[in-house]
Amino acid sequence: MAETILSSPLFAEAVLPFILVFTVVFAILQKSGILGKDKRQIDALVALVVGLITITFANAVGIINSLLPFLAVAIVMILVFLILVAMVSHEGTAKWETGFKKTIIVMIFIAVIVVGLVVTGVWDYLAYKFLGPVGSDWFTNVVFIAIIVGAALLVFFGDKKHEGDKKDK
């Protein structure tokens with residue numbers, strides 16, 4: 001199989017971490033103005049030195065390369081959460097009560113967390129740690145049923161006090 005520049009260890013362990021560190025340091029220096037306002041050249045030189053020093057230490061590059069996949073997954077999960085919340089929160093034809101919206105948003109948050117745990121395999125690991133090898137399927141089923149029953153109860157009984165307030169007016 002042919003090796004591309006993107007699969008090269010030099011690219012993954014030197015170029016990408018350098019670009020990331022350089023960009024972040026430069027942006028921080030520009031935004032904060034620590035070295036003076038409108039001193040782009042000085043900020044770039046300091047960012048260059050920090051980026052080059054960073055890639056000379058294998059431990060620092062290893063930490064950066066270990067954290068970036070987590071960062072990417074976390075950003076995607078946050079994006080999914082925000083898209084789902086935007087679908088619920090959009091002021092369209094349906095007028096929802098504030099409490100009901102908050103309940104739906106909390107349920108979306110819990111669902112995104114649970115899906116993240118299931119997809120990454122952490123859910124099975126936690127089930128195994130708490131219940132052992134036999135009870136993991138049982139634990140998963142009980143938790144999902146509890147979530148479904150809790151959501152149904154919130155939907156049916158959540159806004160009863162608001163209905164009484166509307167009748168009094």
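Helix α4 provides the largest share of a nonpolar patch in this predicted model, with five residues coming from that helix. The patch sits on the surface and is built from Val106, Phe109, Ile110, Ile113, Val118, Phe144 and Ile147. Two helices, α4 (98-120) and α6 (136-157), each put in at least two residues of the patch. Valine 118, for one, belongs to helix α4.

Elsewhere, helix packing comes into view, starting with α3. Two packed helices are described by the angle between their axes and the distance between the axes. For helix α2 (residues 40-56) and helix α3 (residues 58-89), that angle is about 95°, and the axes lie 5 Å apart. Angles of 65 to 115 degrees count as roughly perpendicular, so α2 and α3 are roughly perpendicular to each other. On the α2 side, the meeting point involves Thr54, Ile55 and Thr56, while α3 brings Ala58, Ala60, Val61 and Ile64. Sorted by class, this contact has five nonpolar residues, two polar ones and no charged ones.

Helix α3 also packs with helix α1 (residues 9-32), and here the axes come within 10 Å and cross at roughly 80°. This pair, α1 and α3, is therefore roughly perpendicular as well. From α1, the contact takes in Ala12, Glu13, Pro17, Leu20 and Val21, and from α3 it takes in Val61, Ile64, Asn65 and Leu68. Seven of the residues in the α1 contact with α3 are nonpolar, one is polar and one is charged.

How values were computed:
Residues are numbered from 1 along each chain as its sequence is written. This is a predicted model: local features need pLDDT of at least 70, side-chain atom pairs count only at pLDDT 80 or more; totals for chains, interfaces and linings use all residues. Side-chain values use heavy atoms; hydrogens and water are left out. Axes are lines fitted to C-alpha atoms, for helices over the stretch in contact, and angles run from 0 to 180 degrees between N-to-C directions. Helices (H or I, at least four residues) and strands (E, at least two) are DSSP runs, numbered from the N terminus. Angles under 35 degrees count as roughly parallel, over 145 as roughly antiparallel, 65 to 115 as roughly perpendicular and the rest as oblique. Contact means heavy atoms within 4.5 Å. Ala, Val, Leu, Ile, Met, Phe, Trp, Tyr, Cys and Pro count as nonpolar, Asp, Glu, Lys and Arg as charged, and the others, Gly among them, as polar. Patches are made of residues with over 30% relative accessible area and no salt bridge: like charges are joined within 9 Å, nonpolar side chains (Val, Leu, Ile, Met, Phe, Trp, Tyr) within 5 Å. Accessible areas come from the Shrake-Rupley method with a 1.4 Å probe; for residues, only the protein chains shown count as cover. A salt bridge is a side-chain nitrogen of Lys or Arg within 4 Å of a carboxyl oxygen of Asp or Glu.
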